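I opened the notebook to log what I looked up, one topic per entry.

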Amino acid sequence: MSIAFLDPGNLEGDLQAGAIAGYSLLWLLMWATGMGLLIQLLSARVGVATGKHLSELCREEYNKWTGLLLWFMAEVALIGADIQEVIGSAIAIQILSNGVIPIWVGVVITASDCFMFLLLENYGVRNLEAVFAVLISTMGLSFAWMFADAQPSGKELLIGLLVPKLSSRTIRQAVGVVGCVIMPHNVFLHSALVQSRKIDPTKKGRVQEAINYYTIESSIALFVSFMINLCVTTVFAKGFYNTKQANTIGLVNAGQYLEKKYGGGFMPVLYIWGIGLLAAGQSSTITGTYAGQFIMGGFLNLRLKKWLRALITRSCAIVPTMIVAVVFNKSEASLDVLNEWLNVLQSIQIPFALIPLLTLVSKEEIMGVFKIGPTLEKAAWSVAGLVMVINGYLLLDFFVAEVNGFLFGSLAVTCTAAYVAFILYLIHHGNCLPSTLFSHIVNKGYAYIGK
């Protein structure tokens, strides 16, 4: 679950936040991780209390066409995330091979993790967890080494964590920090991961015990991921804040910038970065394969053999990734543009994971006595609303900058109207928004669209 907080897309957001905003957004990174933890705990709660994962419950809760549309949105989000993750791994392979292996070949190599995943799964979920622990440890050691090498200011780090600070110059990076925290496929995945422990949903004491332990487990996992993100952000804050290179650093050229800034030494920082990036990319692509199985199997009620289901879900992601790698592997700028589009693509999908989750976890007929209380419900909807508003800002900012021409503009407006209408439908269908001004506005808006 914590891998979604450490994928190459997040690492790029971290390094850009550090290079452009310095230490000033560390407080936001901490609070955003806390918001992500809340959403993941609700996902785990649904899985433990019902004995089913989120995509299965969505299939049962919504009508056929709504369920199919939610599945399509989840698959699109997964493909977008997978493209970033696979290309991140391919960049790492290119770094570690001294540029001998091009990015498109790295994509092919990374795609083979599907078969490694199948092999590991045959040995049981505990062995799979052990592999993830090794990959996360590799990331932790790599980025901690970089942190020790860079020696960022402890005083500025502490001020950045404790003193909220935001300026118009860093608003885009702030939006990116929050927007990258909640990954749609990860919300679906966590509710399925908890099924690996055999818990009888009819035994309330056992269910509550499991929820308590998952809370501890998830908190520790996300604390580790927060520390890794913190290391990446502070290294780039120390090295590139207020420099000419700050606005040009991305995942593709970060290694070269680090090498110029911090040099070689016993272990060149370029290769340390490459090892950490490779561990992040490999672990997140395996996570994507795992999530894809549950999303497709749950929404479509497929009962296929594991190897066939993994092959289908992997192909859905790898084929577009191969095309993208060949088309966009012309310059660093083109890959940066691609990353912006992929961030927008995933931002669009966030409501279609959060709204069903909050709808289901608030229903007594589904959750029984484990339905969340009014205080937690309001907190969860507030977090969801905040994330959706922030991502809405990101979308607006992006479209204002990128959408040109009457035809393209008309198409964007039409799609936006349909998108908002579907969100309002999902909220109205659940009929479980807390009694707030936000819910009043949403219900009025839905009634207006219905006319």
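**Cysteines**

I began with Cys231, which is buried at a relative accessible area of 14%. The model is predicted, so I kept to local features with pLDDT of at least 70. Cys58 is buried too, at 0%. Next I counted disulfides and got zero.

**Helix α3**

Cys58 sent me to α3, where it is listed among the buried residues. How many of the eight residues of helix α3 are buried? I noted six, so the helix, residues 54–61, is largely enclosed by the rest of the structure. The buried set is Leu54, Ser55, Glu56, Leu57, Cys58 and Glu61. I kept Glu61 in mind for the next entry, with its relative accessible area of 18%. Buried here means under 20%, so Glu61 counts as buried.

**Salt bridges**

I searched the whole structure and found three salt bridges. Side chains of opposite charge can pair when their charged atoms come close. I took the three in turn.

- Glu61 pairs with Lys363, with 2.5 Å between the closest N and O atoms. Glu61 lies in helix α3 and Lys363 in the loop between α16 and α17 (364–367), so this bridge ties together parts that are 302 residues apart in sequence. Lys363 is buried, at 14% relative accessible area.
- Glu60 pairs with Lys52, and their closest N and O atoms are 2.8 Å apart. Glu60 is partly exposed at 46% relative accessibility. Lys52 is also partly exposed, at 30%.
- Arg206 pairs with Glu209, the closest N and O atoms being 3.0 Å apart. Both residues sit in helix α11, three residues apart, which is about one turn of the helix. I logged Arg206 as partly exposed at 48% relative accessibility. Glu209 is partly exposed with a relative accessible area of 33%.

**Surface of α11**

I stayed with α11, residues 204–240, and looked up Ile220 in it. Is Ile220 buried or exposed? At 52% relative accessibility, I logged it as exposed. The cut-off for exposed is over 50%, so Ile220 passes it.

Which residues form a nonpolar patch on the surface with Ile220? I listed Tyr213, Ile216, Phe223, Val224 and Met227 alongside it. Together the patch has about 600 Å² of accessible area.

**Helix α13**

I checked the span of α13, residues 269–300. Its 32 residues reach 46 Å from the first C-alpha to the last. That is close to the 46 Å expected at 1.5 Å a residue. Cover came next: 28 of the 32 residues are buried, and I noted the helix as mostly covered. I then looked just past the end. Asn301 follows α13, and its phi is positive, near 55°.

**Aromatic pairs**

A pair of aromatic rings is described by the distance of the centres and the angle of the planes. I counted nine aromatic pairs. One of them is Phe352 with Phe422, at 5.3 Å centre to centre and 35° between the planes. I logged that pair as tilted. Phe352 is buried at 2% relative accessibility. Phe422 is buried as well, at 11%.

I also looked for clusters. Ring pairs link Phe143, Phe236, Phe240, Tyr257 and Trp273 into one.

**Trp104**

My last entry is Trp104, which I found in helix α5, residues 103–111. Trp104 is partly exposed, with a relative accessible area of 42%. I took one C-alpha distance from it, to Ile87. The two C-alpha atoms are separated by 8.4 Å, and the residues are 17 apart along the chain.

Notes:
Residues numbered from 1 in each chain as written. Predicted model: local features only at pLDDT ≥ 70, side-chain atom pairs only at ≥ 80, totals over all residues. Heavy atoms only, no water. Disulfide = S-S within 2.5 Å. Buried < 20%, exposed > 50% of the residue type's maximum accessible area, 1.4 Å probe, protein only. Patch = residues over 30% accessible without salt bridge, like charges linked within 9 Å, V, L, I, M, F, W, Y side chains within 5 Å. Areas by Shrake-Rupley, 256 points an atom, 1.4 Å probe, with all protein chains shown as cover. Salt bridge = Lys/Arg side-chain N within 4 Å of Asp/Glu carboxyl O. Helix = DSSP H or I, 4+ residues; strand = E, 2+ residues; numbered from the N terminus. Expected span 1.5 Å × (residues − 1). Phe/Tyr/Trp six-rings, centres within 6.5 Å; stacked < 30°, edge-to-face > 60°.
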